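Please open the model in a viewer with the chain drawn as a cartoon and side chains ready to display.

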Amino acid sequence: MLASGRGGQETKRLLLSVLLLAVWEAGSGQVHYSVVEETKHGTFVGRIAQDLGLELAELVPRLFRVASKGPGELLEVNLQNGILFVNSQIDREELCGRSAECSIHLEVIVDRPLQVFHVEVEVKDINDNPPVFPATQKNLFISETRALDSHFSLEGASDADIGANALLTYKLSPNEYFSLEVPTNDQVKPLQLLLKKPLDREVASELLLVLQATDGGKPELTGSTELHITVLDVNDNAPMFDKAVDRVKLPENSRNGTLVIRLNASDLDEGSNSHILYSFAADVSSNTEDFFHIDSASGEIKVNGKIDFEETKLWKLQVEAVDKGHPPMFGHCTILVEILDINDNAPELLVTSLLLSVPEDATLGTVIALISVTDRDAGENGQVTCSLTPRVPFKLVSTFKNYYSLVLDSALDRESVSNYELVVTAWDAGSPPLSATASVSVEVADVNDNAPAFAQPEYTVFVKENNPPGCHIFTVSARDADAQENALVSYSLVERRVGERALSSYVSVHAESGKVYALQPLDHEELELLQFQVSARDAGVPPLGSNVTLQVFVLDENDNAPALLPRPGAGGGGGALSELVSRSVGAGHVVAKVRAVDADSGYNAWLSFELQPAAGGARSPFRVALYTGEISTTRPLDEADPPRQRLLVLVKDHGEPALTATATVLLSLVESGQAPKASSRVLAGAAGAETALVDVNVYLIVAICAVSSLLVLTLLLYTALRCSAPPREGACGPGKPTLVCSSAVGSWSYSQQRRQRVCSGEGAPKTDLMAFSPSIPPCSNSGDSGEQQIFGNNVSTVILNVFNAC
């Protein structure tokens, strides 16, 4: 009944502890379940999804998973109904030993967004372990002279269960000599047999008793051991210890030979009956002698092995003192050795990575890994704090007790740092403190946040006209700072209209290499400048891109021969030029003018006129001006001159090779009175035109000087900008360009008006006015760039429209 009363008090204390624990957990926000050990597979534990506030339909899409810190997968979650159930049989004694508290800690992880919950499942004990004695039989030797009320120590039974299931009651088989005395101070004192009737060896030399232990579980389980008592004669005083129970404190890791305690027992007998030998009790556990040694003569107990607080916190040593009497008598005492913890265990880190790689655009607070820390020491020696290598865009966040989350603390940039090697350091509060480190490798995954970039926003390309179809003229190249498909660049044209045609009919670009090709021969007379854009796009999602502008200048070649123009006022046609000439004209009189134009530009369009020798070598009284094409007399005409003069004028440009055309001029010599009035009017008009032409030339010279000054300034600025980066040319680019210089006797030459198209991909073609260069001293062509040639060609044709009025 006494034992039952104590069991009721223990039950009340246990219920109070459980109530306090539940209140504390509710305050901390932790989900708590309980399950009875040894339950079958599939046993219901709790509706974990409902209790965590998660919808059943989102468990699978959000990658609901459970991580436990313990042996095997004892618990599992049904993703269909969100129920936590027992997956494999749980043995509380195997899981937690004799610990009063036994729980399974679960980490519940869901993604999108990432959330981490802590769930504690308490494993409740059932009475599945019977009491067990150290030995099935114990031998006791008791002298017949022992006084009444003598006590004999017995080793109690142990029960692997806890709580009420481990509350033991003892019962001794009925007999007339002994009764059982059960200690009340939590079994610090051993069980004792109490002699209630004097022994008489002559009546009973041996007694056989049964000691039975019963636990407080339902149903009750029992264990028993046999007490074999031998009644001894004569030596009637047993050794006595100073204390029946002695307590000693011993630091762990004490060296072998360290003194634990020196025992002191006395015997009232004399002679050999008082000589005492010390030893551990016969029923002491075998591993006791592996860690402690007792000197049989002095009674000194010393350390004999490695004392580890983490293995055993309290040693209970049963010591016997036996005299040398016949028969020997025994005394007993219990030594309680309390092991003091020292800081000899470094913290242990366990890192569970949740993300193999972190996108560089991950939001702040993204959980990268879970870190749990344990320290086998106790007290301050087991209190652990964690820190992270400084100057990294991550931080540690404490989530529950010794659990931490590694989260993103600042923005990432893969192009700056693609991988982080983090070091997590755990320090305990011991003296001196111990630490442990764990490496965490965080790879930064690329996102498409960098557009392809060209080295410069615009390129200038020079291509000779009449290039072969499919000619490679330039290569564009863009670099993307991203990785893999985000850095895979492809090129394409930005399609525009060039006049009435699509840009893609002129050029194309290879999607992978960026090579730009001219799809057809280009004609300088049709298109002087082709300006367009090439787009570079990466393969990211969404793709990013940028554009570069190409200015393709088509350089002129001498591919057009001079073309003869009809006389002003005459009908169209390319026939011979007929004029009536009075025989009375004097030397130097202009009788006709050959007009021609060249479709080329610049030097290739600069025309000169030559009079071909007459047939038979006869000397003609006429000559032609080298650059104006005016035919004039070299002397006064006389009667000996044939009435009909047929002149051949060779018109030649200055290209390489030069191209020519031949003009036929038919002159009819008439007397002065026979010249028609119309001819007088024509001559008067021609004279007026010549006067007007002189006036126009003055204006032209002024305009040319102004334009030339502007050109020189432009060339100086352009050369300064281009001196550090020589112009890049395509495979069909021209050779070293030549500056066009007119001769010392050069004069303005008539040229036809033509439309120069400068195409930028937008709008209608532009029209430039072109004019030939005035007379300047000859100059070399060394060191002149293609840009100078282009600008020279343009200036030489600035005011060509004016000549059409001459």
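In which sense do strand β39 (residues 507-509) and β40 pair, and over how many bridges? Strands β39 and β40 pair in the antiparallel sense, over three bridges. Strands and helices here are DSSP runs numbered from the N terminus (strands: E, at least two residues; helices: H or I, at least four), and two strands pair if DSSP finds at least two bridges between them.

Before continuing, note the conventions: this is a predicted model, in which local features need pLDDT of at least 70 and side-chain atom pairs count only at pLDDT 80 or more, while totals for chains, interfaces and linings use all residues. Residues are numbered from 1 along each chain as its sequence is written, and side-chain values use heavy atoms, with hydrogens and water left out.

**The whole chain**

Of the 806 residues, 42% are buried; buried means under 20% relative accessible area, exposed means over 50%, and partly exposed lies in between (1.4 Å probe, protein chains only). Contact means heavy atoms within 4.5 Å; among contacts between residues at least 6 apart in sequence, 70% join residues at least 24 apart. The accessible surface comes to about 41400 Å², and carbon and sulfur atoms account for 54% of that area. Accessible areas come from the Shrake-Rupley method with a 1.4 Å probe, and for residues only the protein chains shown count as cover.

Select residues 515-518, which form strand β40. In a regular strand the side chains alternate between the two faces of the sheet. In β40 the covered face carries V516 and A518, and the uncovered face carries K515 and Y517.

Next select strand β34 (residues 471-475), which runs antiparallel to β40 and is joined to it by four bridges. Here C471 stands opposite A518.

**Strand β21 and its partners**

Move to β21 (residues 300-303) and β17 (residues 259-262). These two strands pair in the antiparallel sense over three bridges, and L259 has K302 in β21 as its bridge partner. I294 stands opposite I301 in β21. A hairpin is formed by β20 and β21, with five residues between them; G299 in its turn has a positive phi of about 80 degrees.

**Salt bridges**

Show the side chains of R262, E300 and K302, which are linked in a network of salt bridges. A salt bridge is a side-chain nitrogen of Lys or Arg within 4 Å of a carboxyl oxygen of Asp or Glu; by this rule the count comes to 13. Between E300 and R262 the closest N and O atoms are 2.4 Å apart. This pair links distant parts of the chain, 38 residues apart, with E300 in β21 and R262 in β17. E300 is buried, at a relative accessible area of 16%. K302 also forms a salt bridge with E300, the closest N and O atoms being 3.6 Å apart; K302 is partly exposed, at 31% relative accessibility.

Now select E311 and R376, a salt bridge with its closest N and O atoms 3.4 Å apart. The pair spans 65 residues, from the loop between β21 and β22 (314-323) to the loop between β26 (367-374) and β27 (384-388). E311 is exposed at 58% relative accessibility, and R376 is partly exposed at 41%.

**A buried arginine**

Select R146, in the loop between β8 (137-143) and β9 (151-154). R146 is buried yet has no salt bridge; the nearest side chain of opposite charge, D323, is 8.6 Å away. Lys and Arg count as positive and Asp and Glu as negative; His and the chain ends are not counted. Leaving aside neighbours within four places in sequence, the contacts of R146 are H151, F152, L195, D236, A238, M329 and F330.

**A nonpolar surface patch**

Finally, select V712, L713 and L716, which form a nonpolar patch on the surface with about 310 Å² of accessible area together. Patches are made of residues with over 30% relative accessible area and no salt bridge; like charges are joined within 9 Å and nonpolar side chains (Val, Leu, Ile, Met, Phe, Trp, Tyr) within 5 Å. L716 is in helix α5 (residues 677-722) and is exposed, with a relative accessible area of 56%.
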